[in-house]
Amino acid sequence: MTELKTVHEAAREVPAIVKSDVVVVGGGSAGVGAAVSAARNGASVTLLERYPHLGGMASGGMVLVLDDMVNGQEITVTGIVMEMVERMKALGLAVYPPEEDRKTNWDVYRKWARWGAFDFHVPSQPEPIIFAVAFDPDGWKRVSNNLIQEAGINLRLHSWFSEPIVEDGAIKGVICETKMGRQAILGDVVIDATGDLDVASRAGAAHGTGAYIVTTVFRLGDVDTEKAEAFEWEHPDEFKAIDRAAKRIIGGSWARWWLKTPLPGIVWCNCPHMTGYDGMSVEHLTAAEFDGRGRIERLVAFVQKNLPGFENSYLLGTAEQIGVRQTRLLEGEYVVTKDDVVNRVHFPDTVCRGRDYYTPYRALLPRDVENLIVAGRHYSATPEAQRMSREIPPCMLQGEAVGVAAALALQGGVRLRDVDPAAIQRQMRKQGADPGDIPSANANVPIAAE
Ligand SMILES: Cc1cc2nc3c(=O)[nH]c(=O)nc-3n(C[C@H](O)[C@H](O)[C@H](O)COP(=O)(O)OP(=O)(O)OC[C@H]3O[C@@H](n4cnc5c(N)ncnc54)[C@H](O)[C@@H]3O)c2cc1C
């Protein structure tokens with residue numbers, strides 16, 4: 001076999017398409033939160049996304065429950081993500097338990113468990129029913145589009161970030177690949193919301209690498225959910241035997257491998273759990289796509305035959321984006337540890353939060369590159385800490401905080417690292433988002449990894 005070496009890429013001129021105050025790369029929950037927040041605070045914003053839609057894992061990845069939003073019964077993650085929830089609800093595309101059902105007993109559990117609205121961090125039976133939101137992926141895309149349009153953001157889909165433009169240790173913009181060739185997008189602040197730290201890592205920011213299970217999420221159609229739930233509750237032993245066999249076929253899943261969605265008869269399946277794949281390697285991702293599909297086909301054939309309620313079910317589709325949970329992680333001004341998350345360590349510069357853990361502003365700031373900041377699942381945390389603190393709502397809240405920080409830096413003519421965290425906290429509160437600067441009083445429930 002011919003030994004392949006490197007090829008020389010000739011230098012070339014790249015057309016500069018637009019210059020904005022802020023360039024956000026990645027239109028997932030963190031990127032949309034960042035773009036909307038920066039624009040609402042007066043910045044001109046360009047948002048770049050490689051796919052034809054917004055949402056990242058929350059739409060293309062078909063991850064269809066918003067969790068990690070409450071500490072016990074108190075909703076702690078608020079702001080733009082709650083706007084998304086209420087807008088989707090108004091369209092009939094989001095479902096969550098009303099306040100009177102958020103308690104711990106078998107009646108409410110039976111009603112809400114298959115919506116995924118239970119607190120899996122609490123090791124009791126039944127688990128408490130809490131505020132968690134089942135939503136529709138197209139609803140997420142639609143509402144994200146509305147928020148982006150209303151905020152006057154220059155959205156550029158089908159734009160795949162490839163290179164940062166860095167001069168004298170400061171980022172000046174990015175280059176992306178498009179059908180029209182390479183395009184330069186310039187900005188005074190760049191926000192990396194790619195989830196894989198594509199921008200910051202290539203700009204020279206210190207980072208580490210983690211890995212976790214990979215999942216091809218999928219949806220099944222024409223499931224008689226009423227019949228399936230009745231069977232589960234009325235024939236628990238038979239149900240458990242079939243469910244165990246189904247889980248063996250799919251090869252790894254959470255306790256409930258299928259959950260209801262707002263669309264009748266359509267369920268989403270947060271499985272299989274596939275190990276040993278590197279979420280950045282083309283070879284691994286290609287193999288994982290085949291592995292996931294194979295397992296799904298076998299599971300569907302099994303449940304059609306064996307699981308009451310699933311007789312007529314069919315594979316509605318697999319997620320457009322394979323579910324990668326962890327790849328590159330920033331090593332920023334502060335690295336959040338598992339102890340910080342588990343012990344709910346509070347920081348003077350906390351600017352956003354999850355259910356009851358706190359994110360310091362320093363964990364969003366690269367050490368080595370100016371004008372660059374990050375939001376989302378690649379934030380500065382150890383791999384163990386990230387596993388416990390990377391759900392959709394906290395990622396969106398991180399984006400919101402970073403959008404505020406970018407606008408404040410531009411208004412004050414200061415470096416991102418010199419923005420006063422107290423000013424970010426004040427502005428977050430003003431726009432309805434709890435920055436987590438005051439720790440919750442009832443922080444007493446142990447946190448487990450999802
Ligand atoms: C299988 C699975 C199940 C999960 N279950 C839950 C759950 O039940 N509830 C929950 O709340 N969370 C869950 N999570 C976690 C959660 O989905 C993610 O951590 C979160 O959505 C990450 O948001 P993000 O904005 O940081 O990244 P993403 O959602 O991944 O968004 C990144 C965006 O950047 C774009 N992008 C990436 N690279 C480039 C590039 N080079 N150029 C241009 N654009 C680019 C992507 O296309 C994407 O739109 C789950 C995750 C997985 C994988």
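Guide: Welcome! Before we start, one definition: helices (H or I, at least four residues) and strands (E, at least two) are DSSP runs, numbered from the N terminus. Please also keep in mind that what you see above is a predicted model.

Visitor: Thanks! Which element gives the largest share of the shell around the ligand?
Guide: Start with the whole shell: 39 residues surround the ligand, and the closest are Gly26, Gly28, Gly56, Gly323 and Gly376. The elements that contribute two or more residues to this shell are α1 (29-40), β3 (65-66), β9 (160-167), β18 (323-324) and α11 (392-412). The largest share, three residues, belongs to α1.

Visitor: How many residues of the shell around the ligand are charged?
Guide: Sort the shell by class, and you find 16 nonpolar and 13 polar residues. What remains is the charged class, and its count is ten.

Visitor: Which domains each give at least three residues to the shell around the ligand?
Guide: The protein chain is divided into two stretches of domain assignment, with domain 1 covering 17-62 + 141-211 + 327-430 and domain 2 covering 213-323. The shell draws at least three residues from each of domain 1 and domain 2.

Visitor: How many residues does the contact between these domains take from domain 2?
Guide: The C-alpha centres of domain 1 and domain 2 lie 32 Å apart. Where the domains touch, domain 1 supplies seven residues, and these divide into three nonpolar, three polar and one charged. From domain 2, the contact takes ten residues.

Visitor: Let's look at helices. Are α7 and α8 roughly parallel or roughly antiparallel?
Guide: Helix α7 (residues 236-250) and helix α8 (residues 282-306) have axes 8 Å apart and pack at an angle of about 160 degrees. Angles over 145 degrees count as roughly antiparallel. Therefore α7 and α8 are, relative to each other, roughly antiparallel.

Visitor: How many nonpolar residues does the contact of α7 with α8 have?
Guide: On the α7 side you can look for Ile242, Ala245, Ala246, Ile249 and Ile250, which meet Arg295, Arg298, Leu299, Phe302, Val303 and Asn306 in α8. By class, this contact has one polar residue and two charged residues, while the nonpolar residues number eight.

Visitor: And what about α1 and α4: are they roughly parallel or roughly antiparallel?
Guide: The axes of α1 and α4 come within 9 Å and cross at roughly 25 degrees. Angles under 35 degrees count as roughly parallel. So the relation of α1 to α4 is roughly parallel.

Visitor: Now for the backbone. In which loop is Pro126 found?
Guide: Begin at the peptide bond that joins Gln125 and Pro126, which is cis, with omega about -5 degrees. Follow the chain around Pro126, and you are in the loop between α3 (106-112) and β7 (133-135).

Visitor: One last one: what is the phi of Asp168?
Guide: Asp168 sits in the loop between β9 and β10 (170-178). Asp168 is not a glycine, yet its phi is positive, at about 50 degrees.

Notes: Residues numbered from 1 in each chain as written. Predicted model: local features only at pLDDT ≥ 70, side-chain atom pairs only at ≥ 80, totals over all residues. Near = placed C-beta within 6 Å. Nonpolar A, V, L, I, M, F, W, Y, C, P; charged D, E, K, R; others polar. Domains from an automatic or database assignment. Axes fitted to C-alpha atoms, helices over the stretch in contact; angles between N-to-C directions. Parallel < 35°, antiparallel > 145°, perpendicular 65-115°, else oblique. Contact = placed C-beta atoms within 7 Å.
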